[in-house]
Amino acid sequence: MTDAEDRALLERIATRDRLAFETFFGAHGADVHRFVRDLVRDDGLAEELTSDVMVEVWRGAGRFAGRSRVRTWVFGIAHHKAIDALRRSHVRTIPLDDLADQPSTTAGPEAAALHAADRRQLEAALASLSAEHRAVLELTYVGGFSQKEIAEIVGCPVATVKTRAFYAKGRLRDALGKAELPR
Amino acid sequence: MKHDVAELLPFYVNGTLEAPDRARVEAELARCPECSAELDDLRVLAENLRARAQATPPPPQTLLARTFAQLAPEPTLATRLRTAWWSAPARYATAVVLVASVSAGAVAAWHLRESAGHDDRFGAPSSLVYVTRSSAPHAEAAVPAVAAKSGPRTIGAVNASVAQTHRLARTATLELVVRDAEASRTRAADATTALGGVVTALIDEGPPAAGDVHQVHATIEVPAARLDDALDRLAQLGTVQRREIDAEDVDASLVDQDARLRNLRREETALLQLMDKRGSVDEILTVEQKLSEVRGSIEELDAQHQHDLHRVATGTISLTLTEDHPRAAPPNPGPTARIDGAWQNGLRALGETVVAFVSILAWSVAFSPVLLGLAGLTYLAKRGMGRLRPTQG
């Protein structure tokens, strides 16, 4: 769905058009659900949060300023809600390794591990990352957002996004390197 | 590998880098094998993450219904009617384009017909779609769009298809000058019945005062397909002063209502399923409340839907019949009529007197207890006075 289509839907949602809302839910619900699920790693909570995000879209459609893509705005709401939920459940969310503990950037056996990684290993490696690192990986490689957009979604400077994307990948590779390879 | 370029690589992979950054990355990639290896690494990572995303199960079907249940209650019918079809600018555009294209088509078809000199090849139009308002005194002034069958009359054919694919609610206004309003009214009612229609409203205040013109207003509903037929027949009752047909495209509105109804019914089903699950009293009450809201919305929307469908199925004609001459003053009565009048007046006066007399009698009877009481009191008072007088003397 293009941004123009999203905007048209939002306009209709602002007029309390339930059909438009259903269409919007159909277009973005699954992506939002996967994103928050990756962040909170809890199916029940992820569903609840997805619902909350969509209710926020319903309520805030009329206030959408249009400065960014609709998708960026929605993911911003989703990120905010997910991080809030994690804070409430006292889970560490802010990566401590943004600026320190630089992992090796050389391609070694870890890189090979990434190639060979099966889904289960990837899952385990992702689970070992902080929510913020998972968020940036998901937004970059699956969501296809730009640095600026991710900065807007997660509410931090562009420079932090770049650093975070860089170290998230390093962390993931390290985690995969430590994981047992399937033989 | 330069650190700043390494930081840009993820966004080079997802294709969101702006030109200057992209150029920097590509320049670095060209000269640094380590960077190329890192790029390959990131591409594999991206592929893995995307594959994982695709394999992630979607949220359950019930999530939409649960979300709907959290939304504010459905707006009132009035709000929905206001926003249903006229709210979105796109729909204004659709309406304008539709009206413009139909009008242009009609004019083109009319010119085509004119230029062909009413050639017999065109034959008699099988159906006419009146698309412009006619304020001229004759029905012929309404521009007909010829519903064409083939060949050079494609524009007409387009119009015909517009009329067929878009459900239109058509209303007509017909103003006639007639010799006898009452007789024409009866004939109009007969013609309506003959066409399978019905007179839904009638205002006829009867013969007016001297010098006024007798006018009858009627609202007639006929099957939509016979609207033109009905207008032709009614037009024969007198001289046409005004003949107008308005067509409102209710197609978008109907489609919208259809979709909303489907959606609401799905919501209803989902809520019923939720009801089946065991929950706390609070949860059950909440679901019940939502369910009753949804059902209320369904009823309102359904009523509107049926109404719009009825408007599409029925053509409404607002008919005004005006007599062509003012009602003459009644003639001067002759001596016989005057004597007759006097006799009638006398009888009426006598009747009124008798009625007044009987009324007074009935009134007296009704108040007799009060009157008797007063008489008794007066009598007692007099007796008392009579006893007092000798003592004083």
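Student: What is the mean pLDDT of chain A?

Tutor: This is a predicted model, so confidence comes first. For chain A the mean pLDDT is 83, with 81% of the residues at 70 or more.

Student: Which elements of chain A have the lowest and the highest mean pLDDT?

Tutor: Helix α5 (residues 109–116) of chain A is the lowest, with a mean of 47. Helix α8 (residues 147–154) of chain A is the highest, at 94.

Student: How should a stretch of low pLDDT be read?

Tutor: Where pLDDT is low, the predicted coordinates should not be read in detail. In chain A, pLDDT stays under 50 over residues 92–113. The model has 39 contacts beyond four places in sequence for residues 92–113 of chain A.

Student: How many helices and strands does chain A have?

Tutor: Chain A has nine helices and zero strands. Its pattern along the sequence is α-α-α-α-α-α-α-α-α. Of the 183 residues in chain A, 51% are buried. Among contacts in chain A with a separation of 6 or more, 74% join residues 24 or more positions apart.

Student: How do I describe the packing of a helix pair?

Tutor: Two packed helices are described by the angle between their axes and the distance between the axes. Take helix α2 (residues 18–40) and helix α4 (residues 70–88) of chain A: their axes come within 10 Å and cross at roughly 30 degrees. Angles under 35 degrees count as roughly parallel, and α2(A) and α4(A) are therefore roughly parallel to each other. Their crossing is right-handed.

Student: Which residues make the contact of α2(A) and α4(A)?

Tutor: From α2(A) they are H28(A), V32(A), F35(A), V36(A), L39(A) and V40(A). From α4(A) they are R71(A), V74(A), F75(A), A78(A), K81(A), A82(A), A85(A) and L86(A). By class, the contact of α2(A) with α4(A) has eleven nonpolar, one polar and two charged residues.

Student: How many residues of chain A are in contact with chain B?

Tutor: The size of an interface is often given as the accessible area lost when the parts come together. Here the description is by residue contacts: 40 residues of chain A touch 37 residues of chain B. The elements of chain A that give two or more residues to this side are α1 (3–14), α2, α3 (43–60), α5, α6 (119–127), α7 (131–142) and α9 (158–178). α2(A) gives the most, with eight residues.

Student: How do the residues on the side of chain A that touches chain B divide by class?

Tutor: That side of chain A has 18 nonpolar, twelve polar and ten charged residues.

Note on methods. Residues are numbered from 1 along each chain as its sequence is written. Chains are lettered from A and ligands numbered from 1 in the order in which they are written. This is a predicted model: local features need pLDDT of at least 70, side-chain atom pairs count only at pLDDT 80 or more; totals for chains, interfaces and linings use all residues. Axes are lines fitted to C-alpha atoms, for helices over the stretch in contact, and angles run from 0 to 180 degrees between N-to-C directions. Helices (H or I, at least four residues) and strands (E, at least two) are DSSP runs, numbered from the N terminus. Angles under 35 degrees count as roughly parallel, over 145 as roughly antiparallel, 65 to 115 as roughly perpendicular and the rest as oblique. A crossing is left-handed if the near helix is turned anticlockwise from the far one by less than a right angle, and right-handed if clockwise. Two residues are in contact if their C-beta atoms, placed from the backbone, lie within 7 Å. Ala, Val, Leu, Ile, Met, Phe, Trp, Tyr, Cys and Pro count as nonpolar, Asp, Glu, Lys and Arg as charged, and the others, Gly among them, as polar. pLDDT is the predictor's confidence in each residue, from 0 to 100. A residue is buried if 20 or more other C-beta atoms lie within 10 Å of its own, exposed if 12 or fewer, and partly exposed in between; C-beta atoms are placed from the backbone.
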